[in-house]
Amino acid sequence: MSTAPVLELRGIDKSFGPVQVLHDVAFSVYPGEVTALVGDNGAGKSTLVKCIGGIHPFDSGDYFFEGKQAHVSSPRDAASMGVEIVYQDLALCDNLDIVQNMFLGRERKRGLVLDEDTMEEMAAKTLLGLSVRTVKSLRQHVSSLSGGQRQTVAIAKAVLWNSKVVILDEPTAALGVAQTAQVLELVRRLADKGLAVVLISHNMNDVFAVSDRIAALYLGRMAAQVKTSDVTHSQIVELITAGRSGELGLQNGKEATA
Ligand SMILES: Nc1ncnc2c1ncn2[C@@H]1O[C@H](COP(=O)(O)OP(=O)(O)OP(=O)(O)O)[C@@H](O)[C@H]1O
Ligand SMILES: [Mg+2]
């Protein structure tokens, strides 16, 4: 597992008006791995992810993709490199069906008309490839799906486009036990297919169940990036709540180098 990161950020600063939300943040994600991004409410997780996705411009810092410096100033830039984000507030349209949602804004056309057959086939293939079998019909409206199924559709939508990095902002926050397990299995499968997956979660059980690495943000600073197998639950909880845990974490405001 000594591959190079597919995506790497260095020295990211981001302010909203006078309030600095991210301070000198470094963050690396690796192909074939699930990286959990953890931190307390307001630590800056969603902001970091939105910088990666081109929603928010960052003030300074470097963005590398596949080893090359990248300039990402819109979601389109991020998508064209293969970076897809499933946002905390799911961007699915209730009044559209599964296929329509998956192709929203990127519809396939045959001549002047929509190529419904191809889109349906691609949607079916993607869901099957992810071993999703709980959805009855691809033509049912998203409003009729359970929370877990909606999350699954949102994730399938993100991987439809030859994505290399998929970022999931609290995909299990609103889910029950069984649905959480299903979504976590899906998260694992994405990584096993070779994708780099970033999972934002407040649930330590989920984090330890599915991640290979953990990155902990504390008050807008990257407190530590560690291999999951090298740390305990309580160390991560300390990093989240105090920014450090013994030798690990922020020492005088700087990330300790492990
Ligand atoms: N668009 C914005 N304008 C101004 N401030 C913002 C904006 N978005 C986020 N913030 C602020 O940035 C800080 C980090 O917020 P962010 O949403 O990144 O936290 P988070 O780690 O995702 O938290 P949570 O776990 O609650 O989702 C917060 O103090 C928040 O109020
Ligand atoms: Mg958030």
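In this predicted model, Ile214 stands opposite Val226, a residue of β12. The pairing to which strands β11 (residues 213-218) and β12 (residues 221-227) belong is antiparallel and runs over 6 bridges. Together β11 and β12 make a hairpin, with 2 residues between the strands. In that turn, Leu219 has a positive phi of about 45°.

Elsewhere in the chain, an open sheet is built from 4 strands in the order β2-β1-β4-β5, and the pairing is antiparallel. Strands β2 (19-29) and β5 (68-69) stand at the edges with a single partner strand each, so one side of each has no neighbour in the sheet. For β5, the pairing with β4 (residues 60-65) is antiparallel and comprises 2 bridges; Lys68 in β5 is the bridge partner of Phe65. Helix α1 (residues 45-52) packs on this sheet, where it touches β1 (7-16), β2 and β4. The direction of α1 makes about 65° with that of β2.

Oxygen atoms of ligand 1 take part in several polar contacts: one lies 2.8 Å from a backbone N or O atom of Gly42, while polar side-chain atoms of Ser46 and His202 each lie 2.8 Å from an oxygen atom of the ligand. On its own, ligand 1 has 640 Å² of accessible area, of which the protein covers 59%.

Technical notes: Residues numbered from 1 in each chain as written. Chains lettered and ligands numbered in written order. Predicted model: local features only at pLDDT ≥ 70, side-chain atom pairs only at ≥ 80, totals over all residues. Heavy atoms only, no water. Pairing = 2+ DSSP bridges. Contact = heavy atoms within 4.5 Å. Axes fitted to C-alpha atoms, helices over the stretch in contact; angles between N-to-C directions. Polar contact = N/O pair within 3.5 Å; in protein donor to acceptor, adjacent residues only side chain to side chain. Areas by Shrake-Rupley, 256 points an atom, 1.4 Å probe, with all protein chains shown as cover.
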